[in-house]
Amino acid sequence: MVSRVIPVEAFDLVIFGATGDLARRKILPGLYRRFCDGQMPQDACIIGAARTEQDSAAWIAQTVEAIESYLPASKRDANTMAAFCERLRYVAVDAMGDAGWAALAQMMRPDVVQAFYFSVAPSLFGALAERLHHFNIARQDARIVVEKPFGRDRETARALNATLAAHFNETQIYRIDHYLGKETVQNLMAVRFGNTLFEPLWNAQYVDHVQITVAEEVGVGGRGAYYDKSGAMRDMVQNHLMQLLCLTAMEPPARFEPDAVRDEKLKVIRALEPVAQKQIVRGQYQAGSNPSYLADVENPGSRTESFIAMKLMIANWRWNGTPFYLRTGKRMKARKSEIVIHFKTPPHSIFDADAGRMANVLSIRLQPDEGIDLRVTIKEPGPGGMRLIDVPLDMSFAEALGPEAADVPDAYERLIMDVIRGNQTLFMRGDEVEAAWAWTDPIIAAWEAQGARPLPYAAGSTGPEEAAIMMHQDGRRWQDI
């Protein structure tokens with residue numbers, strides 16, 4: 001397979017928080033890989049900006065160390081690294097003061113794409129936006145990238161949107177959710193809207209239910225203080241899982257253009273029915289082979305959930321009566337993210353009851369082994385009569401498309417290049433964020449009013465037993481993790 005690399009225009013990319021963890025783990029290694037693949041023009045410039053007083057040489061050395069730490073030796077070489085480092089600059093800036101901004105202004109070029117990555121706490125977004133304009137650094141066509149969390153509720157999300165809107169218009173703001181940059185998430189749209197086979201069946205008449213799972217083996221790690229104030233609902237459901245739900249359930253957009261796609265996603269969020277508490281299971285991992293959640297967050301009285309399973313209904317013609325089951329958790333049995341479409345069984349079977357009765361299942365695997373699996377019913381080989389079994393038609397990207405496809409770009413790589421291209425399709429719009437919080441807020445408020453502790457579950461399990469019971473009551477079962 002021949003890789004088709006689409007180059008981008010010359011650009012100045014400023015990374016605020018350039019010495020932070022996200023820049024080290026994702027942004028800088030991702031930019032290096034794009035450079036290696038020939039996607040970065042020769043006159044691109046990457047400017048690191050942070051509070052630390054140091055020169056460009058020191059930050060470049062830190063960048064090389066980060067790339068060597070997070071990319072295997074097979075993905076880098078000395079000559080390419082040296083050429084990449086020629087594009088790096090550093091400036092110390094004070095986000096809350098005036099120091100360093102004049103120096104940053106002098107680094108910016110007038111005739112290239114401008115992008116500013118806010119890899120900092122949301123509390124600094126307003127200060128950065130204000131100073132970019134006060135020092136005449138950001139042009140009218142400049143782009144800013146902001147990381148989640150986009151507020152803690154609808155009120156704070158509105159305030160954050162208003163802060164950004166005071167200095168940038170909506171076409172300049174790129175709210176990044178790395179799940180949308182995953183290759184298989186984008187393939188979900190290709191499978192739905194590029195194949196006559198699926199789209200006519202993608203509705204309540206043929207789909208029994210949909211499962212969306214994002215399971216993690218790790219605990220909260222070093223994010224304990226942040227996570228304990230957020231929990232699985234704010235950290236995962238309100239954004240990552242909501243985005244996967246929208247792409248799965250939305251109507252076909254008129255065109256594959258940013259606002260056309262995001263308009264359809266917004267309609268899904270607004271069509272979500274309120275969720276009763278009996279349709280939600282909250283859990284918190286307990287001591288086992290790993291520390292408990294309470295130990296990880298150093299808060300013995302915490303009532304924050306590390307697991308959620310819930311049943312959602314969408315009030316529109318396409319999905320009336322079809323449940324969507326969402327599940328996410330930490331310290332789970334395995335790391336697994338997938339979207340599973342369970343189709344209904346045939347309305348009439350011509351085979352004997354003993355032959356068995358199967359239903360088609362389409363699994364879209366996001367991680368760790370990206371690919372698509374469609375289970376179909378066939379006759380079991382042999383002379384034993386008409387016995388039905390289901391078998392997979394399995395497409396692993398690595399096996400079907402060759403070794404190059406196994407080395408798909410990291411989500412951050414793809415999304416940063418989309419920022420440079422000015423393509424907002426895979427980024428969230430302000431009204432979309434606020435609508436998601438408007439649906440989420442009543443659920444969280446009910447938990448806080450009840451004050452109940454999440455249900456315990458063992459580290460390394462599939463979550464609380466009550467999540468399986470919730471499915472069993474509907475005559476269904478969770479896909480194995």
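A charge counts as sitting over a ring if NZ of Lys or CZ of Arg is within 6 Å of the ring centre and within 35 degrees of the ring normal. Keep in mind that this is a predicted model, then pick R282 and W447: the charged end of R282 sits over the W447 ring, 4.4 Å from its centre. For another case, go to K182, whose charged end is over the ring of Y179, 5.3 Å from the ring centre.

**Stop: the strands around β9**

Select residues 307–312, strand β9. Six of its six residues are buried, so the strand is largely enclosed by the rest of the structure. Look at which way the side chains go: F307, A309 and K311 point one way, while I308, M310 and L312 point the other way, and all are buried.

**Stop: D296**

Jump to D296 in helix α10, residues 293–297. Is D296 buried or exposed? It counts as buried because its relative accessibility is 19%, and the cut-off for buried is under 20%. Show its side chain together with that of R331 and you'll find a polar contact of 3.4 Å between them. Leaving out residues up to four places away in sequence, D296 touches V220, G224, Y285, P291 and R331.

In soluble globular proteins, nonpolar side chains tend to be buried together. The largest nonpolar core here has 143 residues, and F16, L31, F116, M310 and L362 are the ones that touch the most other members. Helix α8 (residues 224–249) gives the most to this core, with twelve residues.

Zoom in on L31. Not counting residues up to four places away in sequence, L31 touches L13, I15, M40, I46, F84, I416 and M417. Then colour F16, W101, F116, F118, F125 and F135, which form one aromatic cluster.

**Stop: helix α13**

How many of the eleven residues of α13 are buried? Ten are, leaving the helix mostly covered.

At the start of α13, a side-chain oxygen of D410 comes to within 2.9 Å of the backbone nitrogen of Y412. Just after the helix, G422 has a positive phi of about 80°.

**Last stop: an aromatic pair**

How many aromatic pairs does the structure hold? There are 16. For one of them, select Y174 and F427: the pair is edge-to-face, with 5.0 Å centre to centre and 85° between the planes. This pair links distant parts of the chain, 253 residues apart, with Y174 in strand β6 and F427 in the loop between α13 and α14 (430–450). Both Y174 and F427 are buried.

Definitions and conventions
Residues are numbered from 1 along each chain as its sequence is written. This is a predicted model: local features need pLDDT of at least 70, side-chain atom pairs count only at pLDDT 80 or more; totals for chains, interfaces and linings use all residues. Side-chain values use heavy atoms; hydrogens and water are left out. Buried means under 20% relative accessible area, exposed over 50%, partly exposed in between (1.4 Å probe, protein chains only). Helices (H or I, at least four residues) and strands (E, at least two) are DSSP runs, numbered from the N terminus. A polar contact is a pair of N or O atoms within 3.5 Å; within protein, one must be able to donate a hydrogen and the other to accept it, and residues adjacent in sequence count only if both atoms are side-chain atoms. Rings of Phe, Tyr and Trp (its six-membered ring) pair if their centres lie within 6.5 Å; planes under 30 degrees apart count as stacked, over 60 as edge-to-face and the rest as tilted. A nonpolar core is a set of buried Ala, Val, Leu, Ile, Met, Phe, Trp, Tyr and Cys residues joined through side-chain atoms within 4.5 Å. Contact means heavy atoms within 4.5 Å.
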